[in-house]
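Welcome to the tour! Open your viewer, get ready to click, and we will go stop by stop.

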Amino acid sequence: MIKLNTIFDLNALHDRLISSAKPEIPTVVITAGTCGQASGANDLIRIAKREILTRGLTERLHLRVTGCHGYCEMEPSVLVEPRGTFYPNVGIDDIPEIIDAAVKGITIDSLLFKEPVTSEPVEKQSDLPFYKKQVRTILSANEKIDPIRIFNYIENDGYSALMKVFGIGKSSRIIAEIKASNLRGRGGAGFPTGLKWQFLADQPSRNGKYLVCNADEGDPGAYMDRSILEGNPHSIIEGMIIGAYATGATEGIIYVRNEYPLAIKHLLIALRQARDLGLLGENILGTGLSFDIKLVKGAGAFVCGEETALIKSIEGKMGEPRQRPPFPTQAGINGNPTAINNVETWANIPVIIRNGAESFRSIGTKNNSGTKIFSLVGKIKNTGRVEVPMGITIGEIIYDIGGGPVGKAKIKAVQTGGPSGGCIPSDKFDLTIDYDSLAEAGSIMGSGGMIVMDEHTCMVDVAKYFMNFLKEESCGKCFTCRKGTQRMYEILDDVSNGEGSLEGLELLEELANSVKDTTMCQLGQTAPNPVLSTLHYFRDEYEQHVEKGKCPAGVCRSLITYSITEKCNGCTACLRACPEEAISGKKKERHSIDQSKCTQCGACWSVCKFDAVEVL
Amino acid sequence: MKPSDVRVILNKYEEDRGGLISILEDIQAKYSYLPHDALKIVSEETGRSLVDIYGVATFYKAFSLSPRGKHLISVCMGTACHVRGAPQIAEEFERQLGIQSGGTTTDREFTLETVNCLGACALGPIVVVDGHYFSKVSTTKVKQILKNAKDRLDKISIEKDRRIFPVEVSCVRCNHSLMDPNFLVDGCPSIKVIVSFENKHGWLLLSSLYGSYKVSSEFDIPTNTIINFFCPHCNAELSSATACTACGAPMVPMIVKGGGMVQICSRHGCRSHMLDLNGINF
């Protein structure tokens with residue numbers, strides 16, 4: 001790779017790439033993020049290559065492998081440019097046909113997405129209900145970019161924000177621009193990014209200053225950051241170089257959790273390419289700026305997402321948080337000033353610089369500008385990653401974008417903010433998405449996990465799940481967190497076993513409030529949220545467990561029994577599925593369950609196609 | 001465990017005093033766990049107390065102090081997987097394998113672990129076996145997953161697999177075909193190149209099937225050796241400016257008939273490769 005020595009070199013490279021691009025040649029885009037690969041995208045890529053080569057189509061058709069586009073439910077999917085034709089759930093046998101059609105410039109109606117109500121085929125990705133209400137200022141780039149090719153990023157105006165910054169030439173003006181955009185930290189707490197940068201810029205540099213990208217996306221049920229890391233790693237690198245120029249930082253660190261192997265791979269490639277091209281290292285593009293980024297892998301500790309714990313982990317120590325102040329911008333990694341921003345925050349930086357703070361502010365609401373990415377998962381039809389303007393309502397996300405419930409069961413709540421967040425009941429779905437209103441409702445914005453729950457989800461079980469998670473992940477430094485989460489879990493376990501009491505619920509609430517007030521870091525302070533919010537909005541479910549010994553959602557095993565009704569036609573599916581051999585019955589005759597053997601695992605219920613298994 | 005191997009890992013991080021977690025990750029990658037003797041060497045070389053090192057090793061979930069099985073099964077317990085029945089999946093694995101989560105079967109075939117979230121929430125419940133993702137897993141699929149894992153998930157059948165196809169390649173310098181119809185590999189004409197490493201110089205035949213990694217060569221080539229490739233016709237070195245995305249070794253380019261370029265990693269044993277249909281494009 002030829003090293004770029006000046007800003008003009010980069011500009012010339014960009015122009016050369018644009019002029020040599022052939023947008024008139026159709027391109028088959030295959031999505032191959034982790035979700036795509038898990039659904040078989042790698043096989044599609046192989047078959048596509050085989051077809052293009054053996055049929056001599058290399059001059060007439062291009063192939064692009066990209067990260068995730070967001071509509072995970074439809075993976076593996078194929079997009080054909082320039083028409084924007086979207087083919088969902090593609091199998092390897094469909095590929096030759098799709099390639100044929102792409103070369104001819106036609107579409108295959110039978111493979112298109114079908115509108116759920118009318119069953120009419122929808123051709124263009126942008127016309128799908130899932131995408132219509134989204135504003136994809138960050139995610140839309142994922143379609144255009146092969147993440148392992150830096151030229152692809154540059155061709156799509158990548159590193160143009162960096163050129164602009166070098167052109168402006170004054171670090172104070174960059175910080176002013178970020179401040180003017182009102183960008184708030186996308187990790188969940190919503191601290192103004194411009195202000196944080198100002199703090200770092202104001203610090204004297206003795207042994208260097210650090211910028212950190214917090215990619216330790218530990219919230220279970222959230223994967224927004226992963227898809228940016230996998231699909232557009234250069235946007236983060238560009239954001240960090242801009243940050244270094246603005247704040248005088250000398251070293252950058254991307255801290256990624258090791259559960260994301262593909263993200264790590266793509267980041268390492270991107271960092272190497274950026275370094276080879278001269279965008280990282282000494283005297284970047286001849287501007288005098290020297291800045292490099294290294295990648296540090298996490299090792300599986302949720303608490304390391306907390307900034308002081310993250311710093312300890314980068315230093316190679318146990319990830320225990322410490323008291324603030326001093327804040328990391330004053331004393332961070334090895335005592336040096338350090339600013340930590342989340343992945344999505346970094347990805348917003350090039351967008352703000354490129355389009356200007358005003359354009360960024362025009363999206364969203366007054367104190368909550370820009371877009372926010374959510375991972376919409378759980379009991380919802382269109383699972384996937386959505387980018388919406390701040391200020392949209394929860395209901396719009398769940399029903400208009402998410403398409404509502406999967407089956408007949410009604411949606412009863414949505415959980416936001418991971419283990420630090422809370423459950424918001426369906427009668428509050430007109431709530432707008434912003435940092436303040438979610439906090440008011442007893443949850444938090446968090447990093448963007450949105451887990452939808454329906455009537456078959458037990459809220460006691462959800463609270464117990466989070467408490468189990470938190471008691472495992474508590475670092476143990478504060479007594480109230482270590483023992484408090486443990487004890488809250490035990491009380492919840494009793495409730496789910498039918499051994500709870502009303503006094504126990506009161507104790508639980510009191511304990512939750514004590515833990516909130518008496519722990520040091522955010523993990524402990526927010527740990528009671530799942531308990532308090534479910535107690536607040538779904539107290540009746542708790543009471544039914546305690547008073548009637550019933551789990552209305554049919555989840556808590558000690559409180560339910562499975563039985564087979566007269567709807568059974570003797571298909572033997574449940575009999576074969578039962579791991580305990582508790583089901584007996586002849587073919588084409590009604591089956592029955594031996595309650596003494598049944599462990600309430602629910603295997604029979606999940607395989608029955610005739611609604612014949614009943615939960616009581 | 002060889003002390004010299006541990007020292008090689010330590011040397012990599014000599015200048016990075018914060019690199020303890022990376023050091024332990026590398027040791028675990030080599031031995032599948034953290035042997036006590038290895039940690040003792042780490043302590044001696046880094047000057048950090050053994051207590052300190054054990055503190056870190058036990059704080060982070062990714063580390064194991066006991067040997068793990070040949071196959072690693074990770075059941076995702078993220079919230080999205082949980083509400084879709086992940087606990088039952090984990091239980092079914094426990095039942096089938098006769099071990100608790102976190103444990104290893106007595107024959108050292110399988111280690112079962114639960115992880116907090118693998119970030120593929122839309123496809124839950126998710127199970128990852130040896131790096132292969134299984135999506136929307138149900139309890140009835142568990143048995144088959146275990147069977148597939150035992151049969152090796154990366155095994156490919158050259159004859160039947162439609163993902164495998166022949167390519168014809170030529171030299172990037174002289175454009176002379178590199179195909180040798182006289183020597184067959186995988187039943188197809190092979191790709192013949194000249195290689196040199198460690199003062200040795202000779203021929204190497206590569207399978208021309210894209211997706212097969214079979215080679216035959218004049219000498220035994222030790223794994224991990226970086227080899228220099230040459231065209232047998234114009235003697236030019238086949239080398240590109242691209243580095244292997246997996247290991248950083250230089251890539252070896254060849255022109256593909258029909259259009260495009262294939263690049264393979266020059267490190268023996270590294271399976272990394274790239275097939276660009278529209279010319280090399282970084």
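Two residues are in contact if their C-beta atoms, placed from the backbone, lie within 7 Å. This is a predicted model, where local features need pLDDT of at least 70, side-chain atom pairs count only at pLDDT 80 or more, and totals for chains, interfaces and linings use all residues. Residues are numbered from 1 along each chain as its sequence is written, while chains are lettered from A and ligands numbered from 1 in the order in which they are written.

**Stop 1: A:Gly384.** Leaving aside neighbours within four places in sequence, A:Gly384 is in contact with A:Gly70, A:Tyr71, A:Cys72, A:Glu73, A:Phe130, A:Leu376 and B:Ala122. Is A:Gly384 buried or exposed? A:Gly384 is buried, because 26 other C-beta atoms lie within 10 Å (buried takes 20 or more, exposed 12 or fewer, and partly exposed is in between; C-beta atoms are placed from the backbone).

**Stop 2: the two chains.** Now select the contact: chain B gives 54 residues and chain A gives 70 residues. The side of chain B that touches chain A divides into 25 nonpolar, 22 polar and seven charged residues (Ala, Val, Leu, Ile, Met, Phe, Trp, Tyr, Cys and Pro count as nonpolar, Asp, Glu, Lys and Arg as charged, and the others, Gly among them, as polar).

**Stop 3: the domains.** Colour chain A by domain: domain 1 (7–132), domain 2 (170–360), domain 3 (371–454), domain 4 (459–548) and domain 5 (561–615). These bounds come from an automatic or database domain assignment. The C-alpha centres of domain 1 and domain 5 of chain A lie 43 Å apart.

**Stop 4: A:Ile241.** Not counting residues up to four places away in sequence, A:Ile241 touches A:Leu162, A:Leu279, A:Ile284 and A:Phe291.
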